[in-house]
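Please read the sequence and the model below side by side.

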Amino acid sequence: MSKLSIHFGHDSTIAYSPYPGVYRSFELERFTKKRYFAIDAYGLFTKKNYDPEVTREIIQAVSKEIKNEFGEEGLKIEKVFYDQRYPELNAAFDETGELLYDNIWRLLQENFQIEEGVEWKVKDHHLMHAYSAFYQSPFEEAFVISFDAGGLTENPNFANYFTGYYMTRGGMKKYLFSRQVHLCSLYNAFPYFCEDIKGNINSTPGKAMGLSGYGEWKEDLYQMLEPIFRSKDWLEVNVNRETGRGKVESKYLEEVVKQYFNAEGRLLNFKEASDFLATVQVLFEDTFFRHIKPHAYKLNLPIVITGGGALNVLNNTRVKNELGLPVYIPCNPNDTGTAVGSLFEDDCPEKQIDLRFSNWDLFDRDKLFNYVDDRKGKRYTTKEIADIIRSGKIIGVVRGRSECGPRALGNRSIICDPSFPDMKDILNAKVKHREWYRPFAPMVLQEDAKKYFAWDDAEAPNMSFSSLVKWEAQNKLSAITHADFTARIQTISKNNNPWYYELLNELKYTGPSVILNTSFNILGKPILNSIEDAFYVLDNTELDYVIIEDYIFSK
């Protein structure tokens, strides 16, 4: 019998398993086309942002996809789990005549065959992060760390932000610590002092990490900011959704910024902001290490890091390099991973689970051959694609099921040759339409990684570690070499991605076996998941080609 699990907050996801060992993780933003979409309207306790009709369409789409893949039998649901959310949510919907959870439960019953007596089972947010990450790892036992900007436990009166576990593949778990360390909420807040950064609290941390690479950390500023990192106080941020500008409610932090940068009544300019954020990054890492080091040395086990904080590539890299222990970061460490974590807790898989491409199938796959006829799609060879890349063209790739989480790019990607010096600027300005200072990541053959990067033999398919680009390769790979001479590496082997493995091997005949790989999305939208949207990008940006499965299309 099948199981469902739902995460309601930002990055809302519905996870599904027809039987142990097989899992799907449907990220709802791909369907709604609203990045970081939250089915519960971001927990704002108000009806105005919750749309029952959108929820109906989502659940209908999920049930349709499940039925298409697993048949009518797949709709028979034995268990339903949900990631704990604020209890006030239900009370906020009294005026509608139906409570929020009741509304969703009714929609589930209309679209699935839920056995009589089945109840929702609440799950601990950070524990589900931990289960999700650990069972995607190759380890038999591990020290698992989950940290992000929030997360209720099974006790709705207690929120934790930084939790450690000892976990084994047989299902054993042990709490090692649970602390109110506001690392991620701090990292969310600091960017709003910077002129070059705006956006919601989910998008600013990635921008801050990119900008920090242009700066140098300052010891005197470090000393002034450190008390904030040792405090247990929540740093409140009020963001204007229209402008993307935020106000940080911290008089102490405001005074530090004003005093150090003489920034009375203004935002920090690029140089100031990069030094400020470089200092914040070092504080972030030092605080993380202060809490985990005693446990890491005592356990001497592989380390798994998850939660939104695991998206901090620089911190992950320092853990890997400094502790000298195996480190694993899943493809979906953010909140897209908690729903499937509930399923893992129920099953405790015996073997490593590969979720990288377990998201939605193409919404309009049935129209592919219509597009082939209308837009003169042509079958291609690997060599033809390699030649197009070497000529400096930019290609959008849409193949197979969509990626799970933000760290497994490949099936919904924009790819090109990173050796062209202006390629980064073209992508940021004319294709992705995002900030000029944000870096791009390289995809490289596992066996060739040492040729171009200061990298060991570890696999890194989930784009969660950075590496120095070797001096002799920096000019050849200028578009993926960041200001600090690093790159967020993604390694490819024949087993983890055969299509790219063949392409990278073909590229070896004419130059470096490295591709610039970025997500196939634009203008702050989620990663796309339809042929129609892929052609919209082709027609309205400087993208040159789109690959849809075994066909290539030009403008």
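**Salt bridges, packing and cores**

Arg318 is partly exposed, with a relative accessible area of 22%; buried means under 20% relative accessible area, exposed over 50%, and partly exposed in between (1.4 Å probe, protein chains only). This is a predicted model, in which local features need pLDDT of at least 70 and side-chain atom pairs count only at pLDDT 80 or more, while totals for chains, interfaces and linings use all residues. Residues are numbered from 1 along each chain as its sequence is written, and side-chain values use heavy atoms, with hydrogens and water left out.

Arg318 forms a salt bridge with Glu285, the closest N and O atoms being 3.3 Å apart. A salt bridge here is a side-chain nitrogen of Lys or Arg within 4 Å of a carboxyl oxygen of Asp or Glu. This pair links distant parts of the chain, with Glu285 in helix 10 (residues 270–299) and Arg318 in helix 11 (residues 313–323), 33 residues apart. Helices (H or I, at least four residues) and strands (E, at least two) are DSSP runs, numbered from the N terminus. Glu285 is buried, at a relative accessible area of 11%. Both residues belong to a network of salt bridges that also links Asp286, Lys293 and Glu322.

The structure holds 41 salt bridges. In one of them, the side chains of Lys3 and Asp346 meet at 2.5 Å, N to O. Lys3 is in strand 1 (residues 2–7) and Asp346 in helix 12 (residues 338–347), so the pair links distant parts of the chain, 343 residues apart. Lys3 is buried, with a relative accessible area of 9%, whereas Asp346 is partly exposed at 28%. Another salt bridge stays within a single helix: Arg230 pairs with Glu226, with 3.4 Å between the closest N and O atoms, and both lie in helix 8 (residues 219–230), four residues apart, about one turn of the helix. An α-helix has 3.6 residues a turn, so residues three or four places apart point the same way. Glu226 is buried, at 18% relative accessible area.

Helix 12 also packs against helix 5 (residues 125–134): their axes come within 7 Å and cross at roughly 75 degrees. Axes are lines fitted to C-alpha atoms, for helices over the stretch in contact, and angles run from 0 to 180 degrees between N-to-C directions. The two helices are therefore roughly perpendicular (65 to 115 degrees). Contact means heavy atoms within 4.5 Å, and among the residues that meet are His125, Met128 and Tyr131 in helix 5 and Val340, Phe344 and Glu345 in helix 12.

The largest nonpolar core has 95 residues, of which Leu225, Phe276, Phe288, Ile303 and Phe453 touch the most other members. Such a core is a set of buried Ala, Val, Leu, Ile, Met, Phe, Trp, Tyr and Cys residues joined through side-chain atoms within 4.5 Å. Helix 10 gives the most to this core, with eleven residues. A second, separate core of 30 residues includes Phe8, Ile66, Val80 and Trp105.

Leu523 lies in the loop between strand 20 (514–519) and helix 18, and is exposed, at 54% relative accessibility. Leaving aside neighbours within four places in sequence, Leu523 is in contact with Lys432 and His433.

Conventions:
Parallel < 35°, antiparallel > 145°, perpendicular 65-115°, else oblique.
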